[in-house]
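Trainee: I have this model open on my screen, and I would like to look closely at one part of it. Could you walk me through that part and then its surroundings?

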Amino acid sequence: MSSNAGGLAAVGAELSETIDTSQPMVKAEQVWKSFGRLDVLKGIDLEVYPQQTFVLLGPSGGGKSTLLRCINHLEKINAGRLWVAGELMGYRQKGDVLHEMRSRDVARQRSLVGMVFQRFNLFPHKTAIENVMESPIHVQHVPHKRAETEAEELLTRVGLRDKLDVYPAQLSGGQQQRVAMARALAMKPKLMLFDEPTSALDPELVGEVLDVMKDLAKGGMTMVVVTHEIGFAKEVADGVALIDGGVIVEQGPPNEVLVSPKEERTKLFLSKVLA
């Protein structure tokens with residue numbers, strides 16, 4: 001992949017420059033989430049500040065991806081409070097009572113949050129540039145020419161200048177994931193969520209996706225990342241949390257949690273991941 005580190009770091013800087021860094025970008029307070037009788041999240045407390053990269057680790061089924069989906073209200077929480085950029089996500093509070101927002105108000109809130117999934121979820125009948133242009137045009141009503149110019153710039157910055165008119169089926173997994181990142185960034189979010197963005201990739205393609213994420217982090221983009229890439233967490237993360245059984249087992253700076261963990265569960269998890 002051609003290096004576009006400076007340009008992509010600039011994207012993160014542009015999107016974060018007007019943010020108040022003294023207040024949490026993400027704040028979870030006693031968040032519970034259940035599916036039927038199964039409690040998937042059990043009183044999660046978490047704060048992520050602007051321009052931080054926060055990594056969520058843990059075994060499959062532990063609640064990491066569910067927490068990520070709750071942050072942008074793709075899943076409704078059953079109890080607690082969850083704020084993004086100072087706004088209570090999905091609800092208005094009157095006194096002690098929460099009232100669910102109308103769908104259009106939730107959509108406005110959700111536009112503040114970009115999300116990149118394990119699977120790329122690109123429109124197969126649209127080219128790379130058309131995929132990136134789609135939401136700005138139809139959600140934010142950006143004029144076509146401006147959306148096209150900005151999409152071309154983003155795809156250039158993720159190293160895909162020569163793939164603008166190529167369809168997803170003709171792209172490698174790593175290239176498709178980079179298109180998905182450009183698509184999320186096209187909405188100019190304040191926060192980026194990554195749900196195991198490299199887990200569906202062949203090993204040799206993982207690095208090109210992590211490089212894009214590192215460049216965003218350098219630019220100050222606020223990110224919450226679910227991943228098993230321990231090297232990425234050590235290099236880039238400002239904070240790390242191990243989630244298992246719906247609770248945060250341990251959290252702190254990566255040089256503590258990943259290098260000298262206090263909890264036996266954390267030690268066991270890392271020994272298996274690093275084996």
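Trainee: Which residues in α6 meet which residues in α7?

Mentor: Happy to take you through it, and please keep in mind that this is a predicted model. On the α6 side, the residues are G173, G174, Q175, Q177, R178, M181 and L185. They meet L205, E208, V209, V212, M213 and L216 in α7. Two packed helices are described by the angle between their axes and the distance between the axes. Here the axes of α6 and α7 come within 8 Å and cross at roughly 20°. That makes α6 roughly parallel to α7, as an angle under 35 degrees counts as roughly parallel. The crossing of these two helices is right-handed.

Let us stay with α7 for a moment. This helix covers residues 203–218, and at 1.5 Å a residue its 16 residues should span 22 Å. The C-alpha atoms at its ends are 24 Å apart, which agrees with that expectation. Its buried residues are L205, V206, E208, V209, L210, V212, M213, K214, D215, L216 and A217. If you compare that list with the contact to α6, you will find L205, E208, V209, V212, M213 and L216 in the contact, and those residues are among the buried ones too. Just after α7, G220 takes a positive phi of about 95°.

Now turn to the other helix of the pair. Helix α6 (residues 173–185) also packs with α4, at an angle of about 25° and with their axes 8 Å apart. The two are therefore roughly parallel to each other, and α4 passes α6 in a right-handed crossing. A128, N131 and V132 of α4 make this contact with V179, A182 and R183 of α6. So that you can find the end of α4 on your screen, look for the loop between α4 (128–138) and α5 (144–157), where H141 is found. Phi of H141 is near 60°, a positive value in a residue other than glycine. At 63% relative accessibility, H141 counts as exposed, since the cut-off for exposed is over 50%.

Strand β9 (residues 191–195) pairs with strand β10 (residues 222–226) in the parallel sense over 5 bridges. As one example of where they meet, M223 in β10 is the bridge partner of M192. E196 is buried, with a relative accessible area of 14%, because buried means under 20%.

α2 is mostly covered, with 6 of its 8 residues buried. These are K64, T66, L67, L68, C70 and I71. H73 follows α2 and has a positive phi, near 65°.

Finally, a second open sheet has 4 strands in the order β2-β1-β4-β5, with antiparallel pairing. Its edge strands are β2 (38–48) and β5 (87–88), each pairing on one side only. Within it, strand β1 (residues 26–35) and strand β4 (residues 79–84) pair in the antiparallel sense over 5 bridges, and V84 in β4 is the bridge partner of V26. α2 packs on this sheet too, touching β1, β2 and β4, and its direction makes about 65° with that of β2.

Conventions. Residues numbered from 1 in each chain as written. Predicted model: local features only at pLDDT ≥ 70, side-chain atom pairs only at ≥ 80, totals over all residues. Heavy atoms only, no water. Expected span 1.5 Å × (residues − 1). Buried < 20%, exposed > 50% of the residue type's maximum accessible area, 1.4 Å probe, protein only. Pairing = 2+ DSSP bridges. Axes fitted to C-alpha atoms, helices over the stretch in contact; angles between N-to-C directions. Parallel < 35°, antiparallel > 145°, perpendicular 65-115°, else oblique. Left-handed = near helix turned anticlockwise from the far one by under 90°. Contact = heavy atoms within 4.5 Å.
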